[in-house]
Amino acid sequence: MPLAQVAFAEAFVALTDGILLTDTTGRVASANPAAFRILGEEKLLGQVFEELLLISGATTVEQTDGHLVRRAWFPREERMGVLEIVSTPLPGNRAAHTVRDVTAQAELLRLKEEFLMEVAHELRTPISALIASLDLVVEDVLTMPREELERLAGTLRRSGLRLEHLVENLLDAGSIEAGTFQVRAGPSSLRHALSEALAFVQPMLESKGQRLTTVLPPDADRVMADERRTTQVFANLITNASRYAPEGTEVTVRAATADGFVRVTVADEGPGIPADEQNRLFQRFFRSRQVREQAGGLGLGLAICRAIVHAQGGDIAIESEPGRGTSVHFTLPKARHLAEEAGD
Ligand SMILES: Nc1ncnc2c1ncn2[C@@H]1O[C@H](COP(=O)(O)OP(=O)(O)O)[C@@H](O)[C@H]1O
Ligand SMILES: [Mg+2]
């Protein structure tokens with residue numbers, strides 16, 4: 001065989017996509033090793049290719065420029081995989097076929113669609129609340145008692161805040177992924193960051209009859225951090241504590257100094273997190289199987305908290321035991337004393 005032809009055949013051997021040639025009768029005349037592996041057949045040669053596809057229930061996806069693209073399910077290690085088969089006619093009534101395992105792409109597409117559905121779902125709740133309140137205002141604004149108007153304004157603001165929080169989380173998740181996430185750390189007050197977060201989470205705690213206890217000693221107040229970001233960390237963690245714990249429980253926020261850092265803990269009396277899921281909590285989109293059905297969410301909060309805390313030189317960890325609640329600890333560098341700051 002001429003050298004070029006040998007190299008060509010070798011390239012087919014090394015290829016990860018399956019390649020098959022069928023003869024004038026539609027039977028497989030040659031196939032590279034990947035074709036055998038992907039189709040899971042020991043005897044491919046001589047088989048009618050269309051019959052093989054028939055068995056796997058292939059359906060046509062598209063037909064362009066003389067290529068026929070089909071997809072089929074096939075058994076893979078644990079569950080079904082997706083195969084894409086592209087068939088191209090060759091001169092003399094023969095044909096070339098490539099078979100490719102596209103399970104990973106199909107899975108990604110499914111996750112993306114699922115994610116879009118969840119985003120839409122998450123947006124709908126505050127938007128419906130917003131519209132309902134606006135409708136009342138539009139109908140009765142002239143006759144409405146002042147207290148009623150104030151209550152409605154409160155609801156409108158909360159819905160607005162919730163939407164803002166959601167959109168910020170989405171944008172942050174995007175910039176973390178793109179590597180453009182930024183924080184602006186400076187001397188700031190932990191107490192102040194927390195009180196800003198409370199404006200956001202208080203209604204949620206109230207609606208579930210949950211109590212928030214804070215232990216913030218004065219020496220653990222000043223940190224080197226982006227205050228708006230610290231607020232975001234508190235908002236995410238307290239939202240989790242409230243959302244995943246039952247009604248009437250207590251949420252505790254505690255801070256203490258330790259080795260040049262302030263260590264903050266947000267603890268709840270919720271269901272806890274199974275041990276086998278604990279190392280995945282900071283992954284984007286990860287949501288525990290326990291909560292997925294019962295509470296909304298996008299699985300972004302903890303990933304964002306970690307990005308914020310890490311960007312400021314701190315660390316974040318979860319301590320949880322099923323049935324015994326969850327504690328999230330994070331650290332922020334302690335700011336030097338005010339007098340020292342002023343001194344240089
Ligand atoms: N305080 C908590 N108690 C129980 N489970 C929690 C708690 N905080 C987080 N989790 C689990 O971690 C997952 C990821 O949390 P997060 O990143 O905030 O996303 P989301 O809250 O949108 O699901 C949650 O879906 C839940 O399964
Ligand atoms: Mg959350």
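Biologist: Is the crossing in which helix 6 passes helix 7 left-handed or right-handed?

Modeller: This is a predicted model, in which local features need pLDDT of at least 70, side-chain atom pairs count only at pLDDT 80 or more, and totals for chains, interfaces and linings use all residues. Residues are numbered from 1 along each chain as its sequence is written, while chains are lettered from A and ligands numbered from 1 in the order in which they are written. Helix 6 (residues 190-207) and helix 7 have axes that cross at roughly 35° and come within 8 Å, axes being lines fitted to C-alpha atoms over the stretch in contact, with angles from 0 to 180 degrees between N-to-C directions. A crossing is left-handed if the near helix is turned anticlockwise from the far one by less than a right angle and right-handed if clockwise, and that of helix 6 past helix 7 is right-handed.

Biologist: How many residues of the contact of helix 6 with helix 7 are nonpolar?

Modeller: Contact requires C-beta atoms, placed from the backbone, within 7 Å; among the residues that meet are Phe-200 and Met-204 in helix 6 and Phe-234 and Ile-238 in helix 7. Ala, Val, Leu, Ile, Met, Phe, Trp, Tyr, Cys and Pro count as nonpolar, Asp, Glu, Lys and Arg as charged, and the others, Gly among them, as polar. Five residues of this contact are polar and two charged, and the nonpolar ones number eleven.

Biologist: At roughly what angle do the axes of helix 4 and helix 5 cross?

Modeller: Helix 4 passes helix 5 in a left-handed crossing. Angles over 145 degrees count as roughly antiparallel, under 35 as roughly parallel, 65 to 115 as roughly perpendicular and the rest as oblique, and helix 4 and helix 5 are therefore roughly antiparallel. Their axes come within 9 Å, and the crossing angle is roughly 155°.

Biologist: Which residues of helix 8 make the contact with helix 5?

Modeller: The axes of helix 5 (residues 146-178) and helix 8 (residues 301-311) cross at roughly 60° and come within 10 Å. That makes helix 5 oblique to helix 8. Helix 5 contributes Asn-169, Asp-172, Ala-173 and Ile-176, and helix 8 contributes Gly-301, Ala-303, Ile-304 and Ala-307.

Biologist: Which element gives the largest share of the shell around ligand 1?

Modeller: Of the 21 residues around ligand 1, those that come nearest include Gly-301 and Leu-302, a residue being near if its C-beta atom, placed from the backbone, lies within 6 Å. Helix 7 (227-244) and helix 8 are the elements that give two or more residues to this shell. The largest share, four residues, is that of helix 7.

Terms used: Two residues are in contact if their C-beta atoms, placed from the backbone, lie within 7 Å.
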